[in-house]
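Reader: I would like to learn how to read a few features of this model. Please take them one at a time.

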Amino acid sequence: MPYPSVMFVHAHPDDESLWTGGVIARSVAAGAPTSVITCTWSPGTHRHAELVTALGALGAAEPVMLGWADDKFPDSAPGRPRLCDCSFDEAVTQIVAEIRRRRPQVVVTYDAFGIYGHPDHIHAHRLAVAAVEAAACGPVHPELGAAWQVSSLYFSTVPTALMKAIGLRVNGAAPATDDAAAPGTPDHLIDTRIDVTPWLDRKWEAINAHASEVERSTALKVLVTLDVEQRTALLGTEWFLRRDLVPGGSDLVTDTGHLSNPR
């Protein structure tokens with residue numbers, strides 16, 4: 001069964017590698033058309049350069065940069081609004097144009113909580129979902145080309161228990177919330193688990209290409225101190241919620257990594 005064409009919509013450089021790097025490398029290796037949209041940072045900035053290097057490690061082409069500012073780094077897009085302050089319609093239109101041009105069968109973004117609550121992740125989720133719906137509606141921006149119906153949305157997530165373990169390792173304490181309000185997704189609600197260990201070396205190389213973020217981020221500083229066995233346990237699986245938009249949808253996974261209970 002052939003792999004579907006897939007588009008990834010992420011908020012920041014490094015998110016594509018950390019959360020979906022294995023699936024990106026897997027998709028490219030299968031010969032599937034694969035594209036990455038990054039909502040923040042402008043072309044020519046240092047993190048754009050790191051992103052290009054990271055995607056090269058995964059075998060993917062250069063990203064589409066929407067050019068909005070990172071929430072905490074106004075120099076990421078000089079003179080442009082923060083992603084969370086941008087014109088919603090303008091940002092959706094940017095993504096609609098790419099969907100109609102590239103015609104992906106699958107769009108991948110974050111879950112509704114942005115995996116762990118980052119406002120840029122949450123906003124990228126909203127933009128991607130709205131753009132998928134708008135791209136399928138012919139009267140919406142007909143100047144951008146013919147309507148295109150994405151078959152399935154996949155939302156990147158992490159099991160709740162693992163998210164608690166990460167919080168304990170990074171912060172010294174698990175989140176002080178009950179399971180219903182904890183970041184991540186309860187294990188029994190996760191639709192798709194993908195074993196990406198065959199592509200783990202590429203994923204690790206891509207993560208390390210984001211050198212400035214590895215230096216800045218407490219979580220990534222912890223990650224790079226882990227031994228190979230620990231890194232494999234943490235990075236060797238990628239998790240998703242699947243939402244089919246047409247009957248049958250499109251399988252992001254075409255082997256036993258897919259759990260056949262799409263919603």
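Author: We can start with the cavity lining. This is a predicted model, and the largest share of the lining of its largest cavity, 3 residues, comes from helix α1 (residues 15-29).

Reader: How does one find such a space, and how many cavities of 30 Å³ or more does the structure hold?

Author: Rolling a probe the size of a water molecule over the atoms shows where empty space is left. Here the structure holds 1 cavity of 30 Å³ or more. The volume of the largest cavity is about 50 Å³.

Reader: Which residues line the largest cavity, and how do they divide by class?

Author: The lining consists of Tyr3, Pro4, Val6, Val23, Arg26, Ser27 and Leu252. By class, 5 of these are nonpolar, 1 is polar and 1 is charged.

Reader: Helix α1 also packs against α2. How is a helix pair described, and at what angle do these two pack?

Author: Two packed helices are described by the angle between their axes and the distance between the axes. For α1 and helix α2 (residues 46-58), the angle is about 40° and the axes are 9 Å apart. The two helices are therefore oblique to each other. On the α1 side the contact is made by Glu16, Ser17, Gly21, Ile24, Ala25 and Val28, and on the α2 side by Leu51, Ala54, Leu55 and Leu58. These contact residues comprise 7 nonpolar, 2 polar and 1 charged.

Reader: How do the axes of α7 and α10 cross?

Author: The axes of helix α7 (residues 200-209) and helix α10 (residues 228-235) cross at roughly 95° and come within 11 Å. Angles of 65 to 115 degrees count as roughly perpendicular, and α7 and α10 are therefore roughly perpendicular to each other. Leu200, Lys203, Trp204 and Ile207 of α7 meet Arg231, Thr232 and Leu235 of α10. That contact has 4 nonpolar, 1 polar and 2 charged residues.

Reader: What pLDDT does the protein chain average, and where is the pLDDT below 50?

Author: The chain averages a pLDDT of 91, and 90% of the residues score at least 70. The pLDDT is below 50 over residues 255-263, a stretch with 22 contacts in the model beyond near neighbours in sequence.

Notes. Residues are numbered from 1 along each chain as its sequence is written. This is a predicted model: local features need pLDDT of at least 70, side-chain atom pairs count only at pLDDT 80 or more; totals for chains, interfaces and linings use all residues. Side-chain values use heavy atoms; hydrogens and water are left out. On a 1 Å grid over the protein atoms alone, a cavity is a set of points where a 1.4 Å probe fits but cannot get out, and a pocket is an open set with protein on both sides within 12 Å along at least five of seven lines; lining residues have an atom within 4 Å of a point. Grid points are joined across faces, edges and corners, and a volume is the space filled by probe spheres set on the points. Helices (H or I, at least four residues) and strands (E, at least two) are DSSP runs, numbered from the N terminus. Ala, Val, Leu, Ile, Met, Phe, Trp, Tyr, Cys and Pro count as nonpolar, Asp, Glu, Lys and Arg as charged, and the others, Gly among them, as polar. Axes are lines fitted to C-alpha atoms, for helices over the stretch in contact, and angles run from 0 to 180 degrees between N-to-C directions. Angles under 35 degrees count as roughly parallel, over 145 as roughly antiparallel, 65 to 115 as roughly perpendicular and the rest as oblique. Contact means heavy atoms within 4.5 Å. pLDDT is the predictor's confidence in each residue, from 0 to 100.
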